[in-house]
Amino acid sequence: APEPAQPVPAASEHERFSAAKQFLNDTAVDALGLRAFFFTLKLEKCCTRADLAALLPDYEKVITKGSGAEVARTLKAQARSRLG
């Protein structure tokens with residue numbers, strides 16, 4: 001008989017922070033390339049998910065500039081869900 005599925009362990013705070021930070025960085029660079037440099041510098045100063053959440057308005061501006069408002073709204077919503 002197959003074994004019952006094991007519950008997926010909840011991600012640690014550090015794992016959630018790292019994944020959210022990586023998402024913000026990757027999508028900003030995808031949208032603007034090297035022009036996202038100053039935003040990525042701001043990301044590097046973040047130490048908590050709250051710090052990342054405080055950057056969401058800047059993130060939305062970066063994505064809007066590179067990919068348009070609709071994409072920015074979608075990615076901001078995804079980022080917010082990753083931040084919890």
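Colleague: In which helix does Phe 38 lie?
Modeller: This is a predicted model, and the assignment is read from it. Phe 38 has a relative accessible area of 62% and is exposed. The element that holds Phe 38 is helix α2.

Colleague: Which nonpolar residues form a patch on the surface with Phe 38, and with what accessible area together?
Modeller: Residues of a patch need over 30% relative accessible area. Phe 37, at 46%, is partly exposed, and Phe 38 is exposed at 62%. The patch consists of Phe 37, Phe 38 and Leu 41, and its accessible area together is about 340 Å².

Colleague: How many aromatic pairs are there, and what kind is the pair of Phe 37 and Phe 38?
Modeller: The count is two aromatic pairs. In Phe 37 and Phe 38, the ring centres are 5.6 Å apart and the planes stand at 70 degrees. An angle over 60 degrees puts a pair in one class, so Phe 37 and Phe 38 are edge-to-face.

Colleague: What kind of aromatic pair do Phe 39 and Tyr 59 form?
Modeller: Their rings are 5.9 Å apart, centre to centre, with 40 degrees between the planes. Stacked pairs need planes under 30 degrees apart and edge-to-face pairs need over 60.

Colleague: How many residues apart in sequence are the parts that the pair of Phe 39 and Tyr 59 ties together?
Modeller: Phe 39 belongs to helix α2, residues 37-44, and Tyr 59 to helix α4, residues 56-67.

Colleague: Are Phe 39 and Tyr 59 buried or exposed?
Modeller: The cut-off for buried is under 20% relative accessible area. Phe 39 has 4%, and Tyr 59 has 0%. Phe 39 is therefore buried, and Tyr 59 is likewise buried.

Colleague: Which residues does Ala 28 touch, leaving out those up to four places away in sequence?
Modeller: Ala 28 is placed in helix α1, residues 13-32. With 0% relative accessibility, Ala 28 counts as buried. The residues it touches are Gly 33, Ala 36, Phe 39, Tyr 59, Val 62 and Ile 63.

Colleague: How far apart in space are Ala 28 and Lys 61, C-alpha to C-alpha?
Modeller: In sequence, Ala 28 and Lys 61 are 33 residues apart. In space, their C-alpha atoms are separated by 9.8 Å.

Colleague: With which side chain does the side chain of Arg 49 make a polar contact?
Modeller: Arg 49 is in helix α3, residues 49-54, and at 16% relative accessibility it counts as buried. Residues up to four places away aside, Arg 49 touches Glu 13, Arg 16, Phe 17, Leu 83 and Gly 84. The polar contact, at 2.7 Å, is with the side chain of Glu 13.

Colleague: What separates the C-alpha atoms of Arg 73 and Glu 60?
Modeller: Arg 73 is in helix α5, residues 69-83, and is partly exposed at 45% relative accessible area. Along the chain, Arg 73 and Glu 60 are 13 residues apart. Their C-alpha separation is 7.1 Å.

Colleague: What share of the residues in the protein chain is buried?
Modeller: The secondary structure comes to five helices and zero strands. Of the contacts with a separation of 6 or more, 57% are between residues 24 or more positions apart. Among the 84 residues of the chain, the buried share is 31%.

Note on methods
Residues numbered from 1 in each chain as written. Predicted model: local features only at pLDDT ≥ 70, side-chain atom pairs only at ≥ 80, totals over all residues. Heavy atoms only, no water. Phe/Tyr/Trp six-rings, centres within 6.5 Å; stacked < 30°, edge-to-face > 60°. Buried < 20%, exposed > 50% of the residue type's maximum accessible area, 1.4 Å probe, protein only. Helix = DSSP H or I, 4+ residues; strand = E, 2+ residues; numbered from the N terminus. Polar contact = N/O pair within 3.5 Å; in protein donor to acceptor, adjacent residues only side chain to side chain. Contact = heavy atoms within 4.5 Å. Patch = residues over 30% accessible without salt bridge, like charges linked within 9 Å, V, L, I, M, F, W, Y side chains within 5 Å. Areas by Shrake-Rupley, 256 points an atom, 1.4 Å probe, with all protein chains shown as cover. Salt bridge = Lys/Arg side-chain N within 4 Å of Asp/Glu carboxyl O.
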